[in-house]
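Open your viewer, get your selection tool ready, and follow along stop by stop. Each stop tells you what to pick next and what you will find there.

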Amino acid sequence: MFLSLSTSTWVLIATGATLVNLAAMQWIIQIPKYRKRQFWLPVMGMVCVGARGFAESAALADTLYLYAASMVVFPAALAPVRGQITRDYYRWVKDPTTRTSKAALAWFTTSLTVMLFVIGVVWVVGKKGGT
């Protein structure tokens with residue numbers, strides 16, 4: 001299955017996912033002081049997913065799949081509500097008692113949950129198909 005791809009292929013996929021994440025998050029996050037902070041997301045992903053892979057003695061293909069998937073999930077969840085996120089932020093700056101948009105928060109929470117579930121299912125299916 002897909003987890004049986006060569007290590008060099010997974011490195012290329014993970015590199016591509018990182019580049020997609022960096023470019024997409026720069027487009028999504030329209031608040032200048034937070035744009036610079038988006039460069040830390042791949043670093044945190046490498047540390048967290050890498051630590052998980054090391055702790056579980058997971059194969060490199062598994063670790064790189066989870067890393068690549070996590071890099072794509074956040075832009076996919078945030079892109080549809082990027083305008084609402086920006087509007088909510090600037091409203092909050094003017095009036096700190098302002099609440100976030102319930103629709104944007106519901107979309108982000110629901111889509112992130114669904115995507116993480118799909119990532120898990122695909123990973124389990126890939127593991128069963130690869131052994």
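Angles under 35 degrees count as roughly parallel, over 145 as roughly antiparallel, 65 to 115 as roughly perpendicular, and the rest as oblique. You are looking at a predicted model, in which local features need pLDDT of at least 70 and side-chain atom pairs count only at pLDDT 80 or more, while totals for chains, interfaces and linings use all residues. Residues are numbered from 1 along each chain as its sequence is written, and side-chain values use heavy atoms, with hydrogens and water left out.

Stop 1: Select α1, residues 7–28, and α4, residues 60–78. Helices here are DSSP runs (H or I, at least four residues), numbered from the N terminus. The axes of α1 and α4 come within 9 Å and cross at roughly 20°. These axes are lines fitted to C-alpha atoms over the stretch in contact, with angles from 0 to 180 degrees between N-to-C directions. The two helices α1 and α4 are therefore roughly parallel to each other. Among the residues making this contact are W10, A17 and N21 of α1 and Y65, M71 and P75 of α4; contact means heavy atoms within 4.5 Å.

**Stop 2: N21.** Is N21 buried or exposed? N21 is buried, with a relative accessible area of 0%. Buried means under 20% relative accessible area, exposed over 50%, and partly exposed in between (1.4 Å probe, protein chains only). Leaving aside residues up to four places away in sequence, N21 touches L41, P42, M71 and P75.

**Stop 3: V11.** Move along to V11, also in helix α1. V11 counts as partly exposed because its relative accessibility is 40%. Now pick K33 as well: 22 residues separate V11 and K33 in sequence, and 31 Å in space, C-alpha to C-alpha.

**Stop 4: α4 by itself.** Helix α4 has 19 residues, of which 15 are buried. From first C-alpha to last, α4 reaches 28 Å, close to the 27 Å expected at 1.5 Å a residue; the expected span is 1.5 Å times one less than the number of residues.

**Stop 5: the largest nonpolar core.** Such a core is a set of buried Ala, Val, Leu, Ile, Met, Phe, Trp, Tyr and Cys residues joined through side-chain atoms within 4.5 Å. Of its 16 residues, W10, Y65, L66, Y67, M71 and I119 touch the most other members. Helix α4 gives the most to this core, with nine residues. Finish on L66, which touches V49, R52, I119 and W123, not counting residues up to four places away in sequence.
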